[in-house]
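Here is a short report on a multi-chain model. Look over the sequence and the fold, then read on.

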Amino acid sequence: MRHRWMTLAGVLIAVALLAGCTRKPAGTTKAEKIVIGWAQWAPADYLQELSKEYTEETGTKVVVEQIPWPQFQDKIFAAFAAADDTYDIVVGDSQWLGRCSDPDSQHYLELTDWMNENLDVDAFSEAALINLGEYPKDSGRYWAVPAETDAVGFAYRRDWFEDPEEMAAFEARYGYALAPPRTWQELRDIAEFFTRPDEKRYGAALYFGKQYDTVTMGAQEVMWSFGGSYGDPETYRVEGILNDEAGVKALEFYIGLRKFAPQGAESFGIGKECVDAFNQGLVAMAEDYFAFFPGLVDPEKNPHATQTGFFPSPAAIGPDGEERHYISIGGQGFSIPRYSKQQEAAKEFIKWFCQEPVQVKWAGLGGFTANRNVLASEEFLKATPYNEAFAACFPHLRDFWAVPEYGELLTVTQTEWNAAVNGQKTAKAAMDAVAKQHTEIFEKAGYYK
Amino acid sequence: MNGRIKSGLALAAIGLVLVIYLLPIYWIVATSLKEYSDILARPPKFVFAPTLRNYVSLLLVPGEGLHATPFAARLLNSVIIASLSTIFAVAMGTMTAYAFSRFRTRGQGDWQFFILSTRMLPPVVVVIPIFLMYRALGLFDTHAGLIVLYTAFNVSFAVWLLKGFMDEIPKEYEEAALVDGYSRLQAFVRVVLPQAVAGIAATSVFCLITAWNEFAFALVLTQNTAQTAPPYIPSVVGSGATEWGRIAAGTVLFLLPVAVFTFVMRKHLLRGATFGALKR
Amino acid sequence: MANVRVENLAKRFDEVVAVDGISLEARDREFTVFLGPSGSGKTTTLRAIAGLEQPDAGDIYIDDRRVNALPPADRDIAFVFQFYALYPHMTVYDNLAFPLRAVHMARAEIDERVREVAQVLRIEPTLKRKPAKLSGGEQQRVALGRAMVRRPKVFLMDEPLTNLDAKLRAEMRARLKRDQTDLGATTIYVTHDQVEAMSMGDRIAVMDQGKLLQVGSPEEVYDHPANLFVAGFIGSPAMNLINCSLGSEGDQPALVVPGSPLSVTIASDVAERVESARERLVLGIRPEDVHLSRESRPGWIAAEVYVTEPLGAETIVDLRVGDGDGAPMLRARTLPTFRAAIGEAIWIEFDRERMHCFDRESGQAIT
Amino acid sequence: MTTAVARRRRALSDYQVKMLFLMPTLLLLVGMNVFPLIWSLYLSFHRYAADMPGRAPEAVGTANYTALLHDPNLWRYFQITAEFVVLAVGAQFLIGFGVALLLNREFKGKGLVTTLILLPMMLSPAVVGLFWKLIMDPNWGLLNFLIRPVTGAAPAWLTDARTALPSLVMIDTWMWSPFMMLICLAGLNAVPKYLYEAADVDRASGWFKFRHITLPLIGPLLLLALIFRTMDAFKLFDMVWVATAGGPGDVTEMVSVTLYRQAFQNWNTGEACALAYILLVVIIALSNLYIRWLNRVRGEA
């Protein structure tokens, strides 16, 4: 009896140990499988699809691990902090470059030399290469190979916009024709026009939410276009720049759009609620990254798929009367974590991916290529209903801070601006709070020494 | 007559309570059986054409037949981690509870308080050093890592719960076995354990539910290899639009084992719930 | 079979001294009873012999072998618990077979022994049942059977009859005594019931507050109690114990109770022996040694009937000697036919041969 | 089969058995609780980012603590947490006890009904948070559909700064009032019937019976359940993280959420450890209060 017991305990312990040892053995020369960590969205599906060809050519299996947006950053950084070798390639956000390339972290391998030797660097769209791969700015040092470019854009209900009755009513009320807006001011008018709660219709589903970087991505492009900025990129001075008149007015304008959004809009996040609201026929316009728009042209998910049009994030007329046009950049590049045991295999894959024929296929699947030739091709522009609007964004792309402290900076803008959206704070108070906390973060990190 | 009206009212109230508690669960099950368009329909649909699509797409890779999908792998991880950690926690808890119940130990009260106090420790407080520790030991994203952690997490509770049960078993039984020619260990296995079955069962239910549903540690300490279902299910959102149907299907599949286990153990549950705080 | 010897045994639980230096021997084949009230240390001593308690000091020998370091399993003893401790999850058969399986006895032999014991104890019909389905008497016999089945050197029993009703208890008393004699088994039996002790024991060890007060045959402890405690604890109704001092009645020495007519003349040699404790004496006399008379007789003491208790086989008479609140009370045991009204005058006389004298301070008997 | 003698020689003494039974648990708890706590105490006096392996912990004295204690936001997060704990535990207690009183009678299918009511507490809090988001969705959620005809209003629940915290309380109550119900029911079952019969003979009122028989007897048990729920509510993370992530704004930013954010989003590991210690002190103080209360109630009973 006792023997049986001991045996049982032994077996259980053995099982537990075995379970603990199910990790892949280290240091194989020929990679059987490489794992790419990316966020959960359509481009990741495309990449998985595309990689089948790579597997056919080389025998190396490619697994794209899709992490949902709210967890994306937390999970990848936890893996880095734990020196975990799960990922051979990480398709990381551009804001991460600073922290991951920092000499004290070295999460990313520096790819400068390898890229210059093995890739045609000039083939990349410059905006993509600089924003998605280079750190620090203008240093010529690369940490990532642009994989997917992206920008914030809008979907709109063509059937509502093109309804003659609506058009007439709109023109009568606002004095100009109803069409996809060129400026945020126009967008506001259209949103106001379509906001009819009794019909369960609202103007626009916008980036207001607290998850990850939602509200920041939405509000920052209005701030930039109004003439505001996060601060001086040379001195890192924030106070008086971020919360200047343009910044405060921009945020005031942005939170003013809340009343044209459906209930619960305070928590609308990236790639989810805005799209859901649009699919439900609740809103005339929905803001999201272009990469999420495949869900809007799929008739199974969007009953109005055929009646859906797209436009880039609009420009704005600032308090100074000038018109500017900035759009939040999205998209990511391939980086190789120092902890990967298959760095060479990872490089092989990236090299394969960047070949122009592969880029054509990538674009054909729906991927937003960074290859300037493919981007400019007629084929690409016509491939989806939204590619043309997407391509128009390129000259206007801009990014959040990419310094190593970006995570803390982002937490501040997310909390404060979301608080402003839901009426906890005035725009002025929120901007002042952001300026104060950003200054503290830079101070603590030693930027002012 | 008055009494009958009263009891009728009580029964009606019980029915209402049941509806309130079960409606959200019914909604989960219903959602898991709906097509996407039915899920977000306004007004919400109570009658709809059920489909198993959500389940199929969650468990089967299209075209590849019976390959393990990410969800199936997570479910398997949950089964391995939750069951093994429950077995370890209950086994260690039983032994420790027995030792505290039967042997006199110096500073026993302090030890017992120490063990109980670890149960009060919020996971977020220890998760940082454990993260660092696991990084150093190579236990990050391993089954063993979570098993050890959940065992430690549950064992204090198990000791506490089981001590109450052990105290209720007269020590004469083991003493009889001792003079009958058995060693202390044999007496424990052959005489004490069979009588502690109810307590062990109740403790297992509580430990299993805790380990099965744990989220924070699993979120921080795993990536893919050892990830359990709770942090994964909210991530089945899909691309483009929230895939509530698949999330619901995952939830139902995830709830099922623990619900069945609890149902089987239900008669012990009520007893275990008094935590030995009531002497009978 | 074997003898059991305990030398200078001591055991304390935290601040409470349970056993305070006890030495005694239970002889081979004898039925030894540990008798005492609760807290006397009798059960602790028994458990120490079994190995269920580790003594703080002292030695335990079974068959002249020191067993202090041996676990209970290796002492070759059997223990019958007050609450029987039948394993609730096993059938009667398994309960009986359990000790035999411990030594990996062959299945057939186990079966044979179990059936044999079951037959002796007349519990064969219950073999397939679980303990919870048995009557108290059956449970008690199964517990005994579990002890017997191993044929141990020594039987240790901790108040095994306490949980039975009165009728069954009397019946089991006799059976147990007879079985023990037939088996010739060395037995140590713990009880607080002096009737059990007297009726069953070959020798009785009387304990109180962790100390051994007297060891002897039932007759010895009854007829010659070594001290006040034994005198008062053994016998029912209890011995009359009267505080008195040495005085005189006429020219004869006598035990007198100041302020009361109670006065008992004693022989001069007895007087010499009690001289040392003359002001702090206790006179002990068993109720059956108090003789009663309805008429005044010379030398007899006048008393008054306080109450009578006719018990059928005998009558107990409570008496008061003298007036006032401090007057000594006595109990007498007499014939069942004796009848008296409350307050009736009566005359009493003590059986001089069976009187006991104790030193009130030391408690020891003066003989 | 070994001989009896050989087998016995191997048998463990009571002391060995005791050590064998105690040590694994104690070692495990020391390794998984005490050691990490010491480590994090050390880190709490340092500036350290766990994701920056190149930077050694830099001793900063009590700077992390001073910074936290001077942070007005943190005090608000403690307030939010306290508000949640009081509301949620209070509601769970009242509802759980009410349902237990309702169920404390004989009727057909009692066992099944009890088990079914327990279902919510078997769910993963993360999944519960996720699902109530769907149910509470202001536009297409089930809840607004059900209550609109009754109340006329359709609140935005989790996404409105005014209703977000009460919504979380509601979800937590749905999930955990069955736990209270279970414990109360067990307690009620354990009160001996003859006590009520004796009170009936004395013609005691229902309230009197409740106040003077039921409550004193099950009081310690209820308090114990309250301790458990309070501690659990205090450290609640998963449900909040999934349902609101502390939003909208920071109206549901509980301390545990902030702690996670500091530790695993901002990677201020040192400061996060200090915050963890502040939280720990609060919890220890709280549980001591409770235990003192418990001992007093036990003394009375």
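Which residues are buried in α6(D)?

## A buried helix in chain D

The buried residues of α6(D) are D:P125, D:A126, D:V127, D:V128, D:G129, D:L130, D:F131, D:W132, D:K133, D:L134 and D:I135. Buried means that 20 or more other C-beta atoms, placed from the backbone, lie within 10 Å of the residue's own. For this helix, residues 125–135, that is 11 of 11, so the rest of the structure largely encloses it.

## Basis of the model

This is a predicted model: local features need pLDDT of at least 70, side-chain atom pairs count only at pLDDT 80 or more, and totals for chains, interfaces and linings use all residues. Residues are numbered from 1 along each chain as its sequence is written, while chains are lettered from A and ligands numbered from 1 in the order written.

## Chain A

Chain A has 19 helices and 11 strands. These are DSSP runs, numbered from the N terminus: H or I of at least four residues for helices, E of at least two for strands. Of the 449 residues in chain A, 57% are buried. Its C-alpha atoms fill a box of roughly 85 × 60 × 55 Å along the principal axes.

## Between chains

Two residues are in contact if their C-beta atoms, placed from the backbone, lie within 7 Å. Chains A and C have no contact; their closest C-alpha atoms lie 11 Å apart.

Note on methods
Buried ≥ 20, exposed ≤ 12 C-beta atoms within 10 Å, placed from the backbone.
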